[in-house]
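User: I have a structure open and would like to learn how to read it. Could you take me through some features one at a time?

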There are 2 protein chains.
Amino acid sequence: MSTRQVAGVDLGGTKIEVAVFDDEHEVLGQSRHPTPVDGGPSDVAAAIMIAVAQACEEAKTKPDDLAGIGVGSPGVVDTLSGTVSGARNLPSWEGSFGLGQALRDKFGVAVAVGNDVAVATDAEFELGAGRPYQSILGVFWGTGVGGGVVLESRPWHGRGAAGEIGHMVVRVNGRQCPCGRKGCLEAYAGRGAMEARARKRHADGEHTDLFKIMEKRGRTRLTSAVWAKALEQEDKLAGELIDEAVEALGAGIASACNLLDVEAVIIGGGLGVRFGEPMARRIEKEMAPHVFNTEHPPDVHLAGLGDLGGALGAALLVRRAGG
Amino acid sequence: MSTRQVAGVDLGGTKIEVAVFDDEHEVLGQSRHPTPVDGGPSDVAAAIMIAVAQACEEAKTKPDDLAGIGVGSPGVVDTLSGTVSGARNLPSWEGSFGLGQALRDKFGVAVAVGNDVAVATDAEFELGAGRPYQSILGVFWGTGVGGGVVLESRPWHGRGAAGEIGHMVVRVNGRQCPCGRKGCLEAYAGRGAMEARARKRHADGEHTDLFKIMEKRGRTRLTSAVWAKALEQEDKLAGELIDEAVEALGAGIASACNLLDVEAVIIGGGLGVRFGEPMARRIEKEMAPHVFNTEHPPDVHLAGLGDLGGALGAALLVRRAGG
């Protein structure tokens, strides 16, 4: 039994994805659980514990034999203490909760916690589509639109709140964003905002198959798979909302590139990964009219690690800490 | 006679500002010339040579006794060779010209050339309003809107084209920018774009005193002073255009801060310096609804070095090179 196995936890607003990796970043075991929608932080922690135990079982190991557990979490993360604050996509998590400590107490192993988008960007930079570059912008297109910045091969976090590409303004006095502000990229491209808009237009009488597809799949929310299926069926409303999203992504990502002149943009996240390569090309095309450095536009790649990037980035946190 | 005196040249689209500094960055002599509007790069170089000689005369020295000459120039600058390319605000300067070499040949002293916005940001960071910080965004509001980024106390240039905050998109499918793109911050806030819009609305029959003030001052363009005077007289059209500009600046600067989470924003440039502290407060107020890091919004300061920041930053180039 190796003690170099590490579990990576990708804690999202809809699901908890756990994978156990060996030294070579190969997946030995995996599990996926829905994120609890009721209760509070300790319920989320309990769900993580179950998911970690299951992934370990598949990997034929036990949690307390792991070299450590890494967690990528939404919200503001104090990486030293493992405390997570203001994770607004998680239930009743407005305040602070010692997620790292809860997992340490449970399993008695090293636990490292980082911001979900930051660790996913890091994974893409180290092991994914960002490997050939020294400077990248990671764009994670899912419920929200998250961003990660790597400059001179090092992550740039500012004072802890950098990378909020989803809250760059693409239209002054524009659409209301779930964050409460106006005209943010996320107001047009976030899956949450897109769903709210689809529900409203549907309630106002517009035809769409989005909700039929959702129900048929036993879902209560418009998941990335539901959007993909609707696009495949050439659903008009879904097509229009995706067009708006891609237009906003093009402008917002190009704006970030005009400010930073990074070598490459990596597109990930639930929608990004689901839509895949053709969508990366569409986003690149929408960026083009706005990119200032026309002689050297940034390369645009789909995330190389797919759905597992978050879990792998979380595992890297433990490796960095010497696990 | 000291050999530690350095001349700094701020080469702008409308004027050439030269100052001779001593070791303590004190101004010993100064001169200002209009930038030639006809001819080409060598005519601009000739005008710089005259301005340098005059500033030296006022400083009671001679150009060939200087420790060196630093130049901040628009366009793409090859700092090693001193070659300037694609300076679209300078006459017939689409191609490349060896500006550094021309000045070296003329005066026989060390010459260092850098990008105008980059050197002005550097000067504010080292000696101006940016001194207390490790990370700043410099915003130079003039004919265009230029930006400079300092992270971890070092300038970030990307692959040479970073800092183009004026070409961040604040309105998808928005107003035509002088750069040819649509919806850029500069399309709303650049003095060039504002003048074009004022001329059009005036020609269409709207009342404004902007052009009367301009003529009275013997100008052919709406300078920063003309705008300031019109605002002072509560000219309606001027007020509306400035309102639009400030709204766009607020959104664009906040977007940049949401991406980078810098500690401070420094507002300079012809219009920024002319309008002064009250305008810095207005811009800060327009940023507020868009700033994501509400717990720690960036500090917003007026440039501390005023009009001389560009020349001082250019002089610092020579100091850095050991001059």
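Analyst: We will go through sheets, helices, backbone angles and the chain contact in turn. Keep in mind that this is a predicted model.

User: Start with the sheets. What is the order of the strands in the open sheet that holds S8 of chain A?

Analyst: In chain A the order is S3-S2-S1-S4-S8, an open sheet of 5 strands with mixed pairing. Strand S3 (27-34) and strand S8 (111-115) of chain A are the edges, each pairing on one side only. On average, neighbouring strands of this sheet are turned by 15° against each other, direction ignored.

User: How many bridges join S1 and S2 of chain A, and in which sense do the two strands pair?

Analyst: Strand S1 (residues 6-11) and strand S2 (residues 15-21) of chain A are joined by 6 bridges in the antiparallel sense.

User: Which strands does helix H2 of chain A touch?

Analyst: Helix H2 (residues 99-107) of chain A packs on the sheet and touches strand S4 (68-73) and S8 of chain A. The direction of H2(A) makes about 155° with that of S8(A). Helix H3 (residues 116-127) of chain A also packs on the sheet, where it touches S1, S4 and S8 of chain A. For H3(A), the angle with the direction of S8(A) is about 95°.

User: Is H3(B) mostly covered or mostly open?

Analyst: H3(B) is mostly covered, with 10 of its 12 residues buried. Among them are B:Val117, B:Ala120, B:Thr121 and B:Phe125. For contrast, take B:Glu26, in the loop between strand S2 (15-21) and strand S3 (27-34) of chain B. B:Glu26 counts as exposed because 9 other C-beta atoms lie within 10 Å. Between B:Glu26 and B:Thr121 there are 95 residues in sequence and 19 Å in space, C-alpha to C-alpha.

User: How do I describe two helices that pack, and at what angle do H5 and H8 of chain B meet?

Analyst: Give the angle, the axis distance and the residues. Helix H5 (residues 191-203) of chain B packs against H8(B) at about 145°, with the axes 11 Å apart. The crossing of H5(B) past H8(B) is right-handed. H5(B) contributes B:Met194, B:Arg197, B:Ala198 and B:Arg201 to the contact, and H8(B) contributes B:Leu237, B:Leu241 and B:Ala245. By class, the contact has 5 nonpolar, no polar and 2 charged residues. Residues three or four places apart point the same way, because an α-helix has 3.6 residues a turn.

User: What about phi? Where is A:Asp261, and is A:Asp261 buried or exposed?

Analyst: Most residues other than glycine have a negative phi. A:Asp261 has a positive phi, near 50°. A:Asp261 is in the loop between helix H8 (236-260) and strand S12 (264-268) of chain A. A:Asp261 is buried, because 23 other C-beta atoms lie within 10 Å.

B:Asn173 has a positive phi near 60° and is found in the loop between S11 and helix H4 (185-189) of chain B. B:Asn173 counts as exposed, with 11 C-beta neighbours inside 10 Å.

User: Last, the chain contact. How many residues of chain B are in contact with chain A?

Analyst: Start with the totals, then ask which elements supply the residues. On chain B, 35 residues are in contact with 35 residues of chain A. Strand S10 (145-151) and helix H8 (236-260) of chain B each supply at least two residues of that side. H8(B) gives the most, with 9 residues. The side of chain B that touches chain A divides into 18 nonpolar, 10 polar and 7 charged residues.

Methods
Residues are numbered from 1 along each chain as its sequence is written. Chains are lettered from A and ligands numbered from 1 in the order in which they are written. This is a predicted model: local features need pLDDT of at least 70, side-chain atom pairs count only at pLDDT 80 or more; totals for chains, interfaces and linings use all residues. A residue is buried if 20 or more other C-beta atoms lie within 10 Å of its own, exposed if 12 or fewer, and partly exposed in between; C-beta atoms are placed from the backbone. Helices (H or I, at least four residues) and strands (E, at least two) are DSSP runs, numbered from the N terminus. Two residues are in contact if their C-beta atoms, placed from the backbone, lie within 7 Å. Ala, Val, Leu, Ile, Met, Phe, Trp, Tyr, Cys and Pro count as nonpolar, Asp, Glu, Lys and Arg as charged, and the others, Gly among them, as polar. Axes are lines fitted to C-alpha atoms, for helices over the stretch in contact, and angles run from 0 to 180 degrees between N-to-C directions. A crossing is left-handed if the near helix is turned anticlockwise from the far one by less than a right angle, and right-handed if clockwise. Two strands pair if DSSP finds at least two bridges between them.
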